Amino acid sequence: MNKKILVIDDDFGFESEDRLYLRRQFCDRCGLRDVSNGMAKQGQANDFVADAVFCSAQTVAADGAYKNSIESVLETVKQGWGPEVGRRWSLILLDRNFKPDERTDDIEFGYKVLDALVQAWPDLELAKGNCDIPIVMLTAHSYVENGAAANPRGARRYVEKRALETPEALQSLLDNDGLIEDPAGWAQGRDIRFLKRLREVRRAALNMSGNVLLLGEPGVGKSHVA
């Protein structure tokens, strides 16, 4: 297993009894294994699509008020990003709406998190405003209503939560947008540029449209990629 997802969502991120119940339901529907804070049990069956770490992106004050915390998000993302980590985040699932912060009453906090991630980890290979880390925004609202606002800000895709109800739907997101090491082990590496090239090849194979020209010096693995 080399797929690891970060889920940034206030409904699933907290570890109170009611939130953990919602989190378990979400994991069961999508085929995720919750590994937050060592929650996954040793010997647990491997019939899941990916490991998942959950982040609430908020703190709760003593009086019960919610406060947004971009700092907590950035710190969590750092734990799974960079050449020094064992596994990179394959994908980030980011909720759009969060419970209102008492200071701002801003429920669309997900967009601010998206902006912060783009600023912290910009994709230098694409036009300005994209993120190295693949981010998919989740919402209960339709794409027609809000998708146009998310994609230009750096999200690779905008998905309604109800569309992410099966392991197959999650696997499709990973195949098309995720950064995944070669499961066959022929092409080995964790460099961000290498994982992006694997993604391009994987999408071309899945969509089966057009031709692909593979370039490279002898011995770099063109035949394996083909």
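Q: How many salt bridges does a search of the whole structure find?
A: In this predicted model, a search of the whole structure finds 15 salt bridges. Such a bridge pairs a side-chain nitrogen of Lys or Arg with a carboxyl oxygen of Asp or Glu. Glu165 and Arg29 form one, with 3.1 Å between the closest N and O atoms.

Q: Which parts of the chain does the pair of Glu165 and Arg29 link?
A: The pair links distant parts of the chain, 136 residues apart. Glu165 is in the loop between strand S8 (157-160) and helix H6 (167-177), while Arg29 is in helix H2 (residues 17-30).

Q: Where are Lys196 and Asp123, and are they buried or exposed?
A: The side chains of Lys196 and Asp123 meet in a salt bridge at 3.0 Å, N to O. This pair also links distant parts of the chain: Lys196 belongs to helix H7, and Asp123 to the loop between H4 and strand S7 (135-139), 73 residues apart. Lys196 is buried, and Asp123 is buried too.

Q: What does Asp191 form with Arg193?
A: Asp191 forms a salt bridge with Arg193, and the closest N and O atoms are 3.3 Å apart. Asp191 is partly exposed, at 34% relative accessibility. Arg193 has a relative accessible area of 52%, so Arg193 is exposed. Elsewhere, salt bridges that share partners join Asp9, Asp95 and Lys161 into one network.

Q: How many aromatic pairs does the structure hold?
A: The structure holds four aromatic pairs. One of them is Phe12 with Phe54, 6.3 Å centre to centre and with 85° between the planes. Planes over 60 degrees apart count as edge-to-face, so the pair of Phe12 and Phe54 is edge-to-face. Phe12 lies in helix H1 (residues 10-13) and Phe54 in strand S3 (residues 50-55), so the definition of helices and strands places this link between parts of the chain 42 residues apart. Phe12 and Phe54 are buried. Phe12, Phe26 and Phe54 form one aromatic cluster.

Q: Why does the pair of Phe98 and Phe109 tie together parts of the chain?
A: Phe98 and Phe109 form an edge-to-face pair, 5.5 Å centre to centre, with 85° between the planes. Phe98 lies in the loop between strand S6 (91-95) and helix H4 (109-120), and Phe109 in helix H4, so the pair ties together parts eleven residues apart in sequence. Phe98 and Phe109 are buried.

Q: What lies over the face of Trp81?
A: Arg88 does, at 4.7 Å from the ring centre.

Q: Which residues form a nonpolar patch on the surface?
A: Val212, Leu214 and Val225 form the patch, with about 210 Å² of accessible area together. Leu214 is placed in the loop between helix H7 (192-207) and helix H8 (222-225). Leu214 has 31% relative accessibility and therefore counts as partly exposed.

Q: What phi does Ala57 have?
A: Ala57 has a positive phi of about 65°, although Ala57 is not a glycine. Ala57 lies in the loop between S3 and strand S4 (58-60). With a relative accessible area of 1%, Ala57 is buried.

Notes
Residues are numbered from 1 along each chain as its sequence is written. This is a predicted model: local features need pLDDT of at least 70, side-chain atom pairs count only at pLDDT 80 or more; totals for chains, interfaces and linings use all residues. Side-chain values use heavy atoms; hydrogens and water are left out. Rings of Phe, Tyr and Trp (its six-membered ring) pair if their centres lie within 6.5 Å; planes under 30 degrees apart count as stacked, over 60 as edge-to-face and the rest as tilted. Helices (H or I, at least four residues) and strands (E, at least two) are DSSP runs, numbered from the N terminus. Buried means under 20% relative accessible area, exposed over 50%, partly exposed in between (1.4 Å probe, protein chains only). A charge sits over a ring if NZ of Lys or CZ of Arg is within 6 Å of the ring centre and within 35 degrees of the ring normal. Patches are made of residues with over 30% relative accessible area and no salt bridge: like charges are joined within 9 Å, nonpolar side chains (Val, Leu, Ile, Met, Phe, Trp, Tyr) within 5 Å. Accessible areas come from the Shrake-Rupley method with a 1.4 Å probe; for residues, only the protein chains shown count as cover. A salt bridge is a side-chain nitrogen of Lys or Arg within 4 Å of a carboxyl oxygen of Asp or Glu.
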